[in-house]
There are 2 protein chains.
Amino acid sequence: MIPTIKDVAAHAGFSIATVSRAINAPHTVNPITLDKVRQSIDALNFRPSPLGRQLRGERTRLIGLILPTLANPVFAECLQGIDELASAQGYRLMLMTTQYDAHRERHAIETLREQRVEGLILTVTDADTHPLLDELDRAGLLYVLMHNDTVRRPSVSVDNRLAAYDGVRSLIAHGHRRILMLAGTLAASDRARQRHLGYAQAMQQAGLTPAPALEVDFNAEELAPSVLAHLTSGQSRPTALFCSNDLLAMVVMRGLRRARLRIPQDMSILGFDGLAMGELLSPPLASICAPNREIGCAAWRRLLARVTGDDDASASTSLALTLPHSLREGATIAAISNRTDSTSPRASAATEQPLA
Amino acid sequence: MIPTIKDVAAHAGFSIATVSRAINAPHTVNPITLDKVRQSIDALNFRPSPLGRQLRGERTRLIGLILPTLANPVFAECLQGIDELASAQGYRLMLMTTQYDAHRERHAIETLREQRVEGLILTVTDADTHPLLDELDRAGLLYVLMHNDTVRRPSVSVDNRLAAYDGVRSLIAHGHRRILMLAGTLAASDRARQRHLGYAQAMQQAGLTPAPALEVDFNAEELAPSVLAHLTSGQSRPTALFCSNDLLAMVVMRGLRRARLRIPQDMSILGFDGLAMGELLSPPLASICAPNREIGCAAWRRLLARVTGDDDASASTSLALTLPHSLREGATIAAISNRTDSTSPRASAATEQPLA
DNA sequence: GTGAAAGCGCTAACAA
DNA sequence: TTGTTAGCGCTTTCAC
C-alpha cells in the first residue's frame, strides 16, 4: 500500500540505510546513487513516515491546541495567527474544542498527551482554579494559555481588568452614569471576572455604584423578559451596556432592536474583543479590542521558546505576557448630556449625539 | 522522561506483554496482576504511545482537514460539525489552512499524507481543475470535498447553481430587474462559477440581461470608486446586489453605507452562506443558506464510511452529495414597484417597502 | 560510499 | 495466566 523505505531500497537496489542517508544527508552519498534513489522515491511516490522518526525519539513537531469553541470568532482569529507561524516553522497542529465542558477539556489534554505533542496552547474557563493545569505542570507538559487572565501560569492575554476599566471610563466620559455590565452564561471565567473588576473600579472611581453582571443567554432569539425589564425600567434604566464580549454585544443589540430600542440613541453599547466582524455592523460596534491574532502569535512564540529550550531570555520574564489593548470607537456609544439626564428613551434621545 | 510500557513493566514486576494485555485486553489477565499493573500505570502516569501502535500498522485514527481560512466563519461552522463527530468517535483532527494558496494546498496535503492520516476533508478553490486531487486519487488517499461543487469527485455541498437561481428569482419576485452579482477577488472558485450560472439563468428566464460578476476587494475599507460607480450610475443603477458570499455582503453593506446608500431602501442585498452572524446584523442579512455545520457532519460521515469500508451503501450513491439550501428572508431586500421603476435612489425609496 | 544491525514503543503469535 | 520474540518504518552507529 503505502511504500516504505524498504520498498524504495529494493526498487533502487540499495540498502535502506543508503536510502535514509539519501534523504537526510544527501551529501554523504555518491551522486549517482543519490540520483537512483531519488528516482525510486519519485517512482514510488514515497514519503518518509514521521512515525518511524518520532519513534526514534526525534521531535514530533506536533503542537496541541485546545479551544472552547470556534463559534466565537475570537478563537478563530487567534487560531489564524498560530496556524500561520506553525506551518511556516514546519509544525503540525492538532485541534480540539471543548465547548467549555470540563470533561472534554480533560479528554482533550489526555488525547494530545498521548499523541506526544511537544506543547499545548489552550484557553480554559478559569486558569486559577483549574486542576488540569496543575497536572500538566506535574507531567512536565509545556503549555501556554491564551486569553486566560492569570499571573500564576504562562499566559498571553490583555490586561482584562485595565481594559474594561478604560472602556467603562470612556462610557463615563461620554456622560453615562447608569452603566450595566452584561455577561454570558459563562460568567465564571477568569476574564469575565477581571472585566467586571475593571468595570466596578471605573464606576466607583467616578462615584457611581457598580452592579453585579447581568447574565444573558447567548443563544436565545430574544432577550429574556427579566433582562429586558432591567434594561428598560423607567427610573434606573441604564443608558449604556458594557458587554463582556462582542458576540454577546451583537446578540444584545439584536434583542434591543426587537424591543424597539435604538442604538445608540436609546442605549449605548460597548463590547469586548475587537472582532473584525464588529466593524461591519451598523452601527459599527464600539469595542475594547484585544489583538487576537497577535495573542495567538505571541502564545506560539512563547510555547516554542519553551519547547526548543530558548527560554533563557524569557526566564527573566514574568509568566503572564500582557499585550496592549485598544479602544475602537465604533458608533454604538452616544454622548449623554448630564444636565438633562432623563430616563425616558424618547426624551433623552433628543439630547444625545451619536458619536462618529 | 515520558514513561514507556517498559517502565511500567519494570515498576510492576511483569513483562511488557502483560502490561500490554492489561491495557488492551484486561479480561485476559489475572485480576491481581491487573491491579498491580494499573497501580504502576497510575504511579508513573503512563499513557500508551499511539506511535508504537500506529507503527504496528494499526489505524492512526487521524483525519486531515484542509480549509482555505478560518477568517470566514463558513469554514469555522463546518469545522464545528466535523469536530463534534470526530471527537465523539475517537478520531483526531489535524488542521491546516491554505489561505487559498496553491503552494500551501500542496504542502498541506504532503504534510498530512506523511502523518498517515486515514483520510482528508478539504475545500479547494476549484475541484474540477485541481491536479492535487488527481494525485490523491492516484495515491489512494481517501478524501471528501466540502463546499466544492463538482460531480466528478466525492463532495458534500449545496446545489450552488440552483441555490443562486432560487435566490435571484426571489429578488426578481420582489420586483427587481437590474440585479448585479458581486464576487470576491477569488471569483475563480467552482462555487462562484456555479452561483453565477444560477444568477444568469434566473435573469434570462425573466427576460433580463445577466451581467458578469463584479469583483470586489474583500479587504478594502471602502468600496473601490470603480465599483461604486457601477452601483450608483443613474440610468442603469442596480436595485439589488447578489453577493457571492455573506462576508462579502457585509463588506459591501458597510461600503454602501459609507457612500450614504440606505439598505434596503436604496439597495437590496442578498448574500450566500447563511452565516449565523448575518442574523445579528441590522438589518438582518437576507441570505441563501447552506447548512454549513451539517455539511461538515455529512462530509465526516462520508469520509468515515469510506475509511472504515462501510461504503457498500454509498457505492450506489453518486459522488456528489447535495444538501438542501434555504432562503433566509432577513430584511435587506426591499420590494420594488415596477411601474415606478425610477433610477433615483431618493425617488425610488419612497415607493419601496422594507420587507419584514 | 555503502551495508548490516540495533533499537525506538508497542502488539500479537507462539511458548511455557 | 504470563513471558519471549519478531517486527512495524526509520535513524544511526559501526563495520566493511
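Student: Which helix gives the most to the surface near DNA strand C?
Tutor: Helix 2 of chain B, with 5 residues. "Near" needs a heavy atom of the residue within 4 Å of the strand, and helices are DSSP runs (H or I) of at least four residues, numbered from the N terminus.

Student: Before I go on, what am I looking at here?
Tutor: This is a predicted model, where local features need pLDDT of at least 70 and side-chain atom pairs count only at pLDDT 80 or more, while totals for chains, interfaces and linings use all residues. Residues are numbered from 1 along each chain, chains are lettered from A and ligands numbered from 1 in the order in which they are written, and side-chain values use heavy atoms, without hydrogens or water.

Student: Which side chains have N or O atoms by a phosphate oxygen of DNA strand C?
Tutor: Ser20(B) is one of them, at 2.8 Å, and Asn24(B) is another, at 3.0 Å. Arg53(B) also has a polar side-chain atom 2.6 Å from a phosphate oxygen of DNA strand C. Such polar contacts are pairs of N or O atoms within 3.5 Å.

Student: And what classes of residue make up the surface near DNA strand C?
Tutor: That surface has 10 nonpolar, 10 polar and 8 charged residues. Here Asp, Glu, Lys and Arg count as charged, Ala, Val, Leu, Ile, Met, Phe, Trp, Tyr, Cys and Pro as nonpolar, and the others as polar.

Student: Which helix supplies the largest share of the surface near DNA strand D?
Tutor: For DNA strand D, helix 2 of chain A does, with 4 residues.

Student: What part of DNA strand D does Arg56(B) meet?
Tutor: A base nitrogen: an N or O atom in the Arg56(B) side chain is 2.6 Å from it. Arg53(A), on the other hand, has a side-chain N or O atom 2.6 Å from a phosphate oxygen of DNA strand D.

Student: New topic! How are chain A and chain B related?
Tutor: A 180° rotation with 0.0 Å of shift along its axis superposes chain A on chain B, with RMSD 0.1 Å. That is the relation of a two-fold axis. In chain A, Met94(A) has the C-alpha nearest the axis, 2.4 Å from it.

Student: Last one: at what angle do helix 2 and helix 3 of chain B pack?
Tutor: Helix 2 (residues 16-24) and helix 3 (residues 31-44) of chain B pack at about 90°, with their axes 10 Å apart. That makes helix 2 of chain B roughly perpendicular to helix 3 of chain B, a label for angles of 65 to 115 degrees. Angles run from 0 to 180 degrees between N-to-C directions of axes fitted to C-alpha atoms, for helices over the stretch in contact.

Definitions and conventions:
Least-squares fit on C-alpha atoms with pLDDT ≥ 70 in both. Helix = DSSP H or I, 4+ residues; strand = E, 2+ residues; numbered from the N terminus. Parallel < 35°, antiparallel > 145°, perpendicular 65-115°, else oblique. Polar contact = N/O pair within 3.5 Å; in protein donor to acceptor, adjacent residues only side chain to side chain.
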